[in-house]
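Dear colleague,

Please find the structure we spoke about below. My notes on it follow.

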Amino acid sequence: MFIAAALLLFSEPSFGQRVDECLDCHLSLDTPQAIKFKFDVHRKKGLSCADCHGGNKRSDDMDVAMSKSAGFLGVPKTNEISERCGKCHNDEEKMRSYGYTGPTGQYDNLLASVHGEGSTTAGENIAQCTTCHGAHGVRKVSDPKSPVSPLNVVGTCARCHDDPGYMRQYNPSLPTDQLSKYRTSVHGLLHAKKDPKVATCVSCHTAHTIKPPDDATSSIYAENIPTTCGRCHSDPEYMASYHIPTDQVEQYRKSVHGIALLEKHDASAPTCNDCHGNHGAFPPGVESISNVCGTCHALNAELFRKSPHKKVFDERNLPECETCHGNHDIQPATIEMISVEKGGLCARCHSSSSNPKGYKAALAMRSLLDSLVSSYANAERLLDVAEQKGMEVEDERFALRDVNQVRLQARTAVHAFNLAKFHETVDKGLKIAEDTKAAGRAAIDEFYFRRWGLAVATLIITFLVIVLFLYIKKIERKPNTT
Amino acid sequence: MNRLYQWFDERVSLSAFIEFIKHKEVPKHRHSVWYYFGGVTLFLFIVQVFSGILLLFYYRPGADTAFESIKFLMTKVQFGWLIRSIHSWSANLMILAAFIHMFSVYLTKAYRKPREITWITGMLLFFMALAFGFSGYLLPWNELAFFATKVGTDIAGSVPLIGKPLLVLLRGGDNVTGATLSRFFGFHVALFPAIFTVLLGIHLFLVQIQGMSTPLNPKEDKKYDSMPFFPNFVLRDLLLWLIVLNILAVLAVFFPWELGVKADLFASAPAGISPEWYFLFMFQVLKMLPSHVWFIEGEVLGIVLFGIAGALWTVVPFLDKKSSRGQQSRFFTYVGIFAIIFIIVFTIVGWLAS
Amino acid sequence: MDNQSSPNGTKRDFLKYALSGGILAWLAAIFYPILAYLNPPKVTGAQVTSVKVGKIGDFENDSGTIFRFGNQPGILIKTKDGEFKAFSATCTHLDCTVQYRQDMGLIWCACHNGRYDLSGRNIAGPPPRPLEAYNVIIKNDEILVTKS
């Protein structure tokens, strides 16, 4: 493809020989714009100065060629520049007629982007087409000399974005260190080695449709980021030369984080760049993983750092959180994770013969958690039964919340890998669950007490009714018997 | 025992009373069964008094505490659920028994001379019972009661001339608020019981001294069989009371009265707001009336008509001259049957509508 | 009529015993619930939805107190400046009960290190939403917390 493009580039001037008096004259005057235009892609497609500036390109008489009657427009100002580019580049049919097969509508996209907003200069948008593409020496993106070619675009964006004084006018809170961060990223390091395939600014931010990260239609909106990164990282063909896996996005989508972000739309869930960084994207190293996870999972990280596992993991060069939880496909933590069964997490290092201390602790922790869960379920079931029978158990339900809280705390407490402390945490919950169970049973007993009480009362009253009935019969028969 | 009896006899002449009771007779005929409904109503009233007093031990009036105290009563206090359910069920059964008592008396024309005063006090007692029901309904301060009271007092507010002052008097302000609750509580446990007791005293006293009325039957001018009031009739009364008590206990245990959710002054009205069943027929008729009849507002017309009907019904002994003379008065029988059918039909329509 | 000697006297006697026995049992059936009812339950006082949390003097500056609001926990915070604020104490993440941390000057959830600022906004950690805020009404020197 590159060869084909290159061939096209060099062969073009040969059929650009048409009447263009504007260029001829200006070249003879050494006008810098005209010199640049010699290499312009537009000229190679047969366009002339007059196609943007107006006028008659066939006349060599300056007064005729540059007269208003010939439609001469002069130097376009401000938004007129982009409007004029848009005249062709927004018109798919016209673009196809020049043999162009790429996308169109860039002008519309530019207007919708952050750069399409009003600049500090009244009546002008922040960026025009020429801001990035240049004016008279416009080259194809694939042309290495183009300011927007993969290897140049980073510098082109940085012209403004690396300039705090300039950026302050538009968004004082926006950082201006993107380029220096980028230089430290995997992308940036490869870029410095002149790799044109590696991600640049436009790979993530898009070229024309640049929108802020809080815009839901932006390519860098949290929920869109996996797709944006996946455009390259999920493409096995594209990534083949880098020898890294291409299933990260797919795994992430199925992970607890991916489901939280993409399905539950929980904006606090991490996406790719929350762990890898954005401009400084880099896979976290073994030693830094717990710091990365710890930005959100602070307690777990803190407990882990104090735990006996910390030293052992460091010695064996095991990544801290990742060793048990994985990376891209992190699943919701379950009690089942604490297991010394075959295939269980703890069993990877601990067995009854090797490292038996941890083996026993894991067994004990698991059984404590299991009994907490089953006590909770039992208590809840008893309360359900009581409620079904119409008994009021709101207070007990309130107490039961604490058991759930203990369960959640216990899940965190696991990371200290300290059985005695874990016992302490779980025992609190077990106690509450037992109390609640007792209360639930009492409520159910009360229900039966009411039913039996009614039965007894009804029996007494019915008995009294019968006796009274017989008594009335008796006294009313009296006149006959006496 | 004897001396004690004599001690009292010398002072309050018990023997005269016993003598009276001994000779009191209750007629026996095919309509005798209706005699028992007055007694049943009385019994349910007694149940109301006792269960009401018991509820007072835990009830705390006030918008902040009423609902919570009833909840507390029903969940924490031993047998609290029973007492409240009994009070609610007994109230409804009492109104039902009063309805039956009233219509049986009406259709047997027992209101005729000389029992006009008994009838009028009876009617007043009936209105009081409805007022008891209306005021008591609000006391748990739950959502349904709150809106039913709002609607109910609104209707009272559209009575011509006195409507507005009446509304403010009932609500203790322009809106149903905690002030209304305090007021209704006062009505329900102090004012109404006082009036009711006096009226009931007159009513029962007259029933005792005048004896039971016999059906109007000019053709067969025979003397009815009778049974002694004491002990025969009293024991039968007791028998029935026990059965009613049993029904009440079963209802209270198997269909405990719901508490619902607490009233929220600013919440929008939930669907299915309806008054207690004994107001339903009036509520339904008022709802079905066109918004304007001639130049009067439909609702106002309805209220006026119900008012006039109630007043005429109360003074029926003076209107029905024929039965006072001992003649059949078919017209009033038809009016009574019409009233029964009217109430039943519109209660059912209202019940289906909500 | 009591002194009437009737031919079937035993049956009469039986009826009398049955009647008095029945009445006694009936009285027991009536009075047992009533007496039990009058015996006040251990937990006294009804629970209230708009809660009186206490007197102003009961709370120190820079402190937080968990109180019961219906069947949910609430947290009353007195800031360093002596201002009262009340929130639902149920963490919006996984329903743990939050607490006030003097050292952070924040509302903090022990389960997953969720943090809320003193206007209830979730500022760090996993909580997805702010805490529900309650109104604090000060009547005389009584603190009343209500749900709006």
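How many bridges join strand E5 of chain C to E6(C), and do the two strands run parallel or antiparallel? Strand E5 (residues 99-101) and E6(C) are joined by 3 bridges and run antiparallel. Please keep in mind that this is a predicted model.

**The sheet in chain C**

E5(C) and E6(C) belong to an open sheet of 4 strands, ordered E5-E6-E7-E8, in which the pairing is antiparallel. Its edges are E5 and strand E8 (122-124) of chain C, each of which pairs on one side only. Direction ignored, neighbouring strands are turned by 40° against each other on average.

Strand E6 (residues 106-109) of chain C has a partner on either side: E5(C), through 3 bridges, and strand E7 (residues 114-116) of chain C, also antiparallel and over 3 bridges. Trp108(C) can be followed across these pairings. Gln99(C) stands opposite Trp108(C), and in E7(C) the bridge partner of Trp108(C) is Arg115(C).

**Chain B**

Chain B has 15 helices and 4 strands. Of its 354 residues, 47% are buried. Among contacts between residues at least 6 apart in sequence, 76% join residues at least 24 apart.

One helix pair in this chain was looked at in detail. Helix H5 (residues 80-107) of chain B packs against helix H6 (residues 116-138) of chain B at an angle of about 155°, and their axes are 11 Å apart. Since angles over 145 degrees count as roughly antiparallel, H5(B) and H6(B) are therefore roughly antiparallel to each other. The crossing of H5(B) past H6(B) is left-handed.

On the H5(B) side, the contact is made by Met94(B), Ile95(B), Ala98(B), Phe99(B), Met102(B), Val105(B) and Tyr106(B). H6(B) contributes Trp119(B), Met123(B), Phe126(B), Ala129(B) and Leu130(B). By class, the contact residues are 12 nonpolar, no polar and no charged.

Best regards

Key:
Residues are numbered from 1 along each chain as its sequence is written. Chains are lettered from A and ligands numbered from 1 in the order in which they are written. This is a predicted model: local features need pLDDT of at least 70, side-chain atom pairs count only at pLDDT 80 or more; totals for chains, interfaces and linings use all residues. Side-chain values use heavy atoms; hydrogens and water are left out. Axes are lines fitted to C-alpha atoms, for helices over the stretch in contact, and angles run from 0 to 180 degrees between N-to-C directions. Angles under 35 degrees count as roughly parallel, over 145 as roughly antiparallel, 65 to 115 as roughly perpendicular and the rest as oblique. A crossing is left-handed if the near helix is turned anticlockwise from the far one by less than a right angle, and right-handed if clockwise. Contact means heavy atoms within 4.5 Å. Ala, Val, Leu, Ile, Met, Phe, Trp, Tyr, Cys and Pro count as nonpolar, Asp, Glu, Lys and Arg as charged, and the others, Gly among them, as polar. Two strands pair if DSSP finds at least two bridges between them. Buried means under 20% relative accessible area, exposed over 50%, partly exposed in between (1.4 Å probe, protein chains only).
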